[in-house]
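Me: Please take me through the terms that apply to this model, setting each value against its cut-off.

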Amino acid sequence: MFLNNHSYYSLRYGTISEIELLQMAQENNCIHFSLTDINNTSACLNFIRKAPEYNITPIIGIDFRNNAQQKYVCLAQNNDGFLELNRFLSEHLHQKKAFPETAPSFKHSIVIYPFEQLLTLEKSSFLAHEYIGVGLADINKLHFSKLSELTDKLVLLHTLTFRNKRDFNTHRLLRAIDTNMLLSKLPEEQQGKPTDIMHPMATLEKAFENYPHIIANTKRLLTQCSIAFDFSKKRKNQNLKSVFGTAEKDYKKLVQLCELGLPMRYDVITNTIKKRLDKELTLIKKQQFVSFFLINWKIIQYAKSKDYYHVGRGSGANSIVAYLLEITNVDPIELDLYFERFMNLYRSSPPDFDIDFSTWDREDVTSFIFKTFGTNSQAALLGSYVTFKHSGAVRELGKVFGLPKYEIDKLSDGKYLSDQLDDIAKLVLRYASYLNGRPNYLSIHAAGILISEKPIHYFSATHLPPKGFPTVQFDMHIAEDVGLYKFDILGQRGLGKIKDAIGIIRENQPNVTLPNIHNAKPFFKDPNINAMIARAECIGCFYVESPAMRMLLKKLSVSDYLTLVAASSIIRPGVAKSGMMREYILRHKDPERRKQAHPVLWSIMPDTYGVMVYQEDVIKVAHHYAGLSLGEADVLRRGMSGKYRSRAEFQAVKEKFIANCREKGETDEVLFEVWRQIESFAGYAFAKGHSASYAVESYQSLFLKCYYPLEYMVATINNGGGFYRVETYLHEAKMKGATIHAPCIANSAIETTIKGKDIYLGFQHLHGLEKRNIIKIINTRAQAPFNSLEDFMERVPLSIEQLDILIRVNAFRFSTKDKRSLLWEAHYKCNHTAINELQQQLFRVHIKNFSLPQFSITDLENAFDQLELLHFTLYHPFMLLQELPTSTLLCTDFTSYINKVLVIYGYLVTLKTTRTSKGDNMYFGTFLDQKGHWIDTVHFPPVAKKHPFRGKGIYRITGKVVSEFNFLSLEVIKQERMPYTSDPRFDATYNRKAIPEKGKPFGLLK
């Protein structure tokens, strides 16, 4: 009886979830029930999956509308009908074209035209699959229409969008948000009707009692539609089944590639290697994952042909087949990687491969995938949903109600007193709570690409986001439910750093012979690199540069690859939260402490001293300690990652975990402690192969940092930095012997460059300098060098505002004139010549030489110019202080002050905010001392509240030096931000002649 039903995936229109629709249908004794969202199929698969739980036969369709104007409702008679509806919808979404007034001649779908629409179209003849939809409001008009004579074509078309008045109000607000209108201005044609609710069947039958054939036709039409997908645990893999034509050819090719890879990867091929390979190949074939490996292999081969760097990680990094196919660079034999983490007979999904490319290369790799596998519409990006968050919903609703910005800000930020709110503000907050968590619009999964055996439109319609690749309208959970498993192709700046660094080294040091950066094994044993790791001198290096990682490296005294692999997982928040980070450090440093390990856990995880560090440790503990099957253990792991935490199967496995341990005689105290550890960290820990992949990339970057620090820092800056700001990487380069130059007309490019030990900041770091002008400067300079400001202005016409930026940053220092003389000259010429930035001057205008006074410009003035134009200064930041520091203590003095209080000055680099178990704010600070070395601080809640941070700058810090595992930090007692001197450029009392330019105590970054 209900042919047109909307969920809230009728985006910014509907108000009911697909599950709530099923509940309503069950309560109303429906046997067949349809889902027909507006121009969207996001909820379809989950609706089909869940319908049997409510004893409902699901029917799927689409309500096709131009804007909010309904054209026709289409129902799929079967899976092929769903395919053709998806194709039709996708074509119009991709091309952003309106739907035609009449639907195509579908072969497997039913088309229902709204009665009112037909009156406008004056359509009187209908194909076999076309029907006339009559609503409750159309009954009286039907009697006077010739369409009433087409008795076998009339069906009941009642729209269901709301449950009650609140839903209707929410709908109107959504429509106002979507159309960017005030609610009071929202036209009726943009809205549904308050009567678009679920009426009891008896009410509908009573309304159509004079037209019983309409009810009969509707019931008959419903029985003509059915759709089915396999959502069972034994569902078949829906990914592309064959790469080379047949499954047999695929397997033969996979074996051949592994045989070719063996001598390339191993000098000696042992029986252990052969057994592991045979075991993997047998299971890969049995699980029908051969094509999955081959597709990843083809992607890597393409990347290699283009000289793109990659890192293969995820649980698939535990695989020797992946290692031999060069999908990953992690040796599972060397690391004793747990096979069952990435594949076992009880796991229906293929292994996870996260393949990282540099941000610049990723787009081309994605294009290759679509050109290779998407020719028959078998490839698509994976979708995701952006949901309303309370703060954002408040802002949207505030605009809809016409509130001024300051009121919206107050409500959004929660800075209000409830008893002082007016009725409108209360409405905004109430309806924001209704919208919270509901879908707002479609987006793209960060990395996922689907490659299916069937056309992708068999499962979903696709839309075309700005990236230009078709994107399905459902998320990864629904994809996995139906047997579609994603390929993760990610962008990562670290790889761009490594690739660019090698290019910069070859250009700056052409006589150097570099080792094969892809073979990281020699780096693992390099004493210079390992010593650098032990000192935690890893700024700029992939995954090991953050303050937290620097702390962990020192506490663990990391000086080898295997310990770095462990550190890469230990640093994850879950391990720290469970208390196992500290326990691991204690056992790592103290063999006696290891005796406290549970004997079963020790036997399962001897390499980590019986401490759960990696994701697969959850599987090991669940399987060997709690006696769960590997399948049950994997359900537990996935549940802990948040993917299935709410599903009944997870709860059942948890109960079995507890019951099995009790049956074995384990005490509740011990078993619940083990469970607590699992629960607190499993969702955040890495698979060991994943950690090992990260450690390989870390060592590649560490090699470059160790032996070519200046070139590597330039590459880091040009790839957008990393954990820190550009200023920090320039400081690091200077500490390694570089001379840093501000942007220069004669030497700088768009990006930062290096010549010998001289680093020239790129023009892109000048705030306010337009990109088109940067390109103009570089292209003009390529024809001939500039010899003066006058020559530059003749050849590169710029506005005085753009010239001012270049002159004040001292970009014309190749000339013999000071900045003030150049500014005077530039303003004079701009005032006497019409500057057209788009047109070269026909005649050269010479500037009359005036006798100017001798201008004096100090380093302090230059520093303030740099602060304004670069947002940091290339001079020592301490020179900006109003008064000299009263303490000369440095972090190197900490060893003499352990458990003592000292005063030290530090330049704030970064700040991490966290919360205690009680919800109080505390901070971890990272500073540079007066010699440019690191200070690490801890600010506990009382101090954090009493002495808060006041933004970037230099702080006078009073604190107690503490040592934990030989890592020295400062527990802050008091801090204050020290004032900078007044800006000398605007200070009439500033005496330039009294400022010493040499011999002052701050000379690090001159």
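Reply: Helices (H or I, at least four residues) and strands (E, at least two) are DSSP runs, numbered from the N terminus. The model is predicted, so that local features need pLDDT of at least 70 and side-chain atom pairs count only at pLDDT 80 or more, while totals for chains, interfaces and linings use all residues. Residues are numbered from 1 along each chain as its sequence is written, and side-chain values use heavy atoms, with hydrogens and water left out.

Me: Why is Tyr9 called buried?
Reply: Tyr9 has a relative accessible area of 9%, and buried means under 20% (exposed is over 50%, partly exposed in between, with a 1.4 Å probe and protein chains only), so Tyr9 counts as buried. Tyr9 sits in the loop between strand S1 (4-5) and helix H1 (18-27), and, apart from residues up to four places away in sequence, Tyr9 touches Glu18, Asp37, Asn40, Ser42, Ala43, Tyr385 and Pro439, where contact means heavy atoms within 4.5 Å.

Me: How do you know that Phe88 is buried or exposed, and which residues does Phe88 touch?
Reply: Its relative accessible area is 7%, so Phe88 is buried. Phe88 belongs to helix H3 (residues 79-95) and, with residues up to four places away in sequence not counted, touches Phe64, Tyr72, Phe99, Pro100, Pro104 and Phe106.

Me: What makes S9 and S10 a pair, and in which sense do they run?
Reply: Two strands pair if DSSP finds at least two bridges between them; S9 (residues 310-313) and S10 have four and are antiparallel, so they pair. Arg313 stands opposite Asp354 in S10. S10 is also joined by four bridges to S15 (residues 487-491), in the parallel sense, with Phe357 opposite Gly491. Within S10 (residues 354-357), Asp354 and Asp356 point one way and Ile355 and Phe357 the other, and all are buried.

Me: What makes a group of residues a nonpolar core, and which residues have the most contacts inside the largest one?
Reply: A nonpolar core is a set of buried Ala, Val, Leu, Ile, Met, Phe, Trp, Tyr and Cys residues joined through side-chain atoms within 4.5 Å. The largest has 107 residues, with Leu704, Phe792 and Leu806 having the most contacts inside it. Helix H32 (residues 688-707) gives the most to this core, seven residues. Neighbours within four places in sequence aside, Phe792 contacts Ile745, Ile777, Phe786, Leu798, Leu803, Leu806 and Phe812.

Me: Why is the second largest cavity called a cavity, and what is its volume?
Reply: On a 1 Å grid over the protein atoms alone, a cavity is a set of points where a 1.4 Å probe fits but cannot get out, and lining residues have an atom within 4 Å of a point. This one has a volume of about 100 Å³, taken as the space filled by probe spheres set on points joined across faces, edges and corners. Its lining has 12 residues, among which Pro350, Asp352, Glu480, Tyr485 and Lys486 lie nearest its centre. The search of the whole structure finds seven cavities of 30 Å³ or more.

How values were computed:
1 Å grid on protein atoms, 1.4 Å probe; cavity = no way out; pocket = protein on both sides within 12 Å on 5 of 7 lines; lining within 4 Å.
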